[in-house]
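Subject: Structure handover

Hi,

Here is the structure we talked about. My notes follow below it.

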Amino acid sequence: MARDEDGITLTDLPTLPLVLIVDNDGLTRTMVGSWLVDSGYAVLEACDGEEALRLAGERSPDLLLIDLIMPGLDGYQVCRAIQAEGDAPPVIFMTMLGDTAARVSGLDAGAVDYIVKPFEHDEVMARVRAALRTKVVRDELAVRTKVVRDELIDQASHDSLTGLLNRRELDSRAAEAVALAQRHGHPLCCILLDLDNFKDVNDAHGHAAGDQVLRETGRRLADACRISDVIARYGGEEFILLLPETPPEAAVVLADKLRWALAEAPFEAGDTLISIRASVGVAAFTAVMATPASLLAAADEALYRAKGLGRDRTELYDPPLAIPA
Ligand code: GH3
Ligand code: MG
Ligand code: MG
């Protein structure tokens with residue numbers, strides 16, 4: 001961790017709001033800069049528009065004070081260029097031009113405020129504080145908006161009961177996984193797991209206990225597989241896994257491990273212990289399967305066979321034998 005000569009941890013220091021002063025007049029820069037430093041701000045100076053844009057890009061200031069009339073890029077042009085970037089810092093114009101038309105043009109260019117030379121210390125500092133307060137509110141709003149957006153994205157792709165991926169997300173991952181397997185000829189397997197006689201669990205212990213079992217099922221299955229495996233709740237009491245780079249023999253071993261993860265210890269729901277078993281269908285992607293749906297249908301066929309053969313077992317899909325030419 002970075003330390004300065006006195007041994008203070010630099011990363012622990014609160015960061016000061018950074019103000020970039022843009023003015024071709026060195027006296028103005030020095031005067032306004034010293035007012036800001038005295039009031040606890042960090043200050044950067046640029047003597048023209050080009051330098052201002054470079055510094056703004058490199059240092060992300062919290063506020064810019066920009067002179068309107070400068071050689072090269074004028075204040076309006078600098079302000080427009082800054083505001084064209086997303087999440088731009090606020091701009092206050094500094095100028096000799098105090099007439100209404102100049103103020104309107106400045107605000108239209110994206111400035112939040114306007115101060116007219118000669119400057120009064122107290123007024124400049126009050127306007128700086130006001131602009132930074134607006135920025136703080138805007139930044140907080142942006143953070144909250146991002147949190148809400150991330151939550152919505154998460155909700156759209158995850159099952160609310162188990163927290164696993166939902167069917168919609170699984171279908172999209174399956175399309176990607178199948179496209180990759182087709183392109184590179186790598187193995188890909190699908191496991192479909194359905195809890196046995198789960199209706200009886202609901203009937204005997206109630207729907208809330210059933211929900212608790214489903215949540216715990218999701219946890220146990222996720223714990224038992226690799227991070228690279230895609231696991232989703234496919235519907236009611238049906239779970240699905242996509243296993244990239246996995247041959248069918250390894251998928252069958254994992255399927256048995258998943259069944260064991262459910263069977264090895266009873267599930268707790270309130271005071272009751274519930275014993276859970278599952279049937280599993282496994283299918284390997286083959287060249288004749290043109291779509292993700294055909295891989296899932298193959299796993300479903302194997303699962304159906306597992307149910308028919310008495311449940312609590314794993315069945316591997318047998319691809320139909322190729323008809324000799
Ligand atoms: P099988 O061994 O043939 O799969 O029998 P099953 O009873 O598990 O299958 P069935 O399709 O007859 O019943 C599924 C049950 O799963 C019935 C339904 O109420 C229950 N179920 C589906 N989704 C949920 C859920 O979100 N919460 C709860 N508690 N139960 C659910
Ligand atoms: Mg079932
Ligand atoms: Mg079912």
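Helices (H or I, at least four residues) and strands (E, at least two) are DSSP runs, numbered from the N terminus. This is a predicted model: local features need pLDDT of at least 70, side-chain atom pairs count only at pLDDT 80 or more, and totals for chains, interfaces and linings use all residues. Residues are numbered from 1 along each chain as its sequence is written, while chains are lettered from A and ligands numbered from 1 in the order in which they are written.

Ligand site

H8 gives the most to the shell around ligand 1: four residues. Strand S6 (188-195), helix H7 (198-205) and helix H8 (207-224) each supply at least two. The ligand has 16 residues around it; Asp196, Phe198, Lys199, Gly210 and Gly236 come nearest. A residue is near if its C-beta atom, placed from the backbone, lies within 6 Å of the molecule. By class, the shell has seven charged (Asp, Glu, Lys, Arg), four nonpolar (Ala, Val, Leu, Ile, Met, Phe, Trp, Tyr, Cys, Pro) and five polar residues (the others, Gly among them).

Overall fold

The protein chain has ten helices and twelve strands. Its radius of gyration (over C-alpha atoms) is 32 Å, well over the 20 Å from the globule rule (2.2 Å times the number of residues to the power 0.38) for 325 residues, so the chain is more spread out than a compact globule. The C-alpha trace spans about 90 × 60 × 45 Å along its principal axes.

The domain assignment (automatic or database) gives domain 1 (10-152) and domain 2 (167-316). Their centres, taken over C-alpha atoms, are 57 Å apart.

Best wishes
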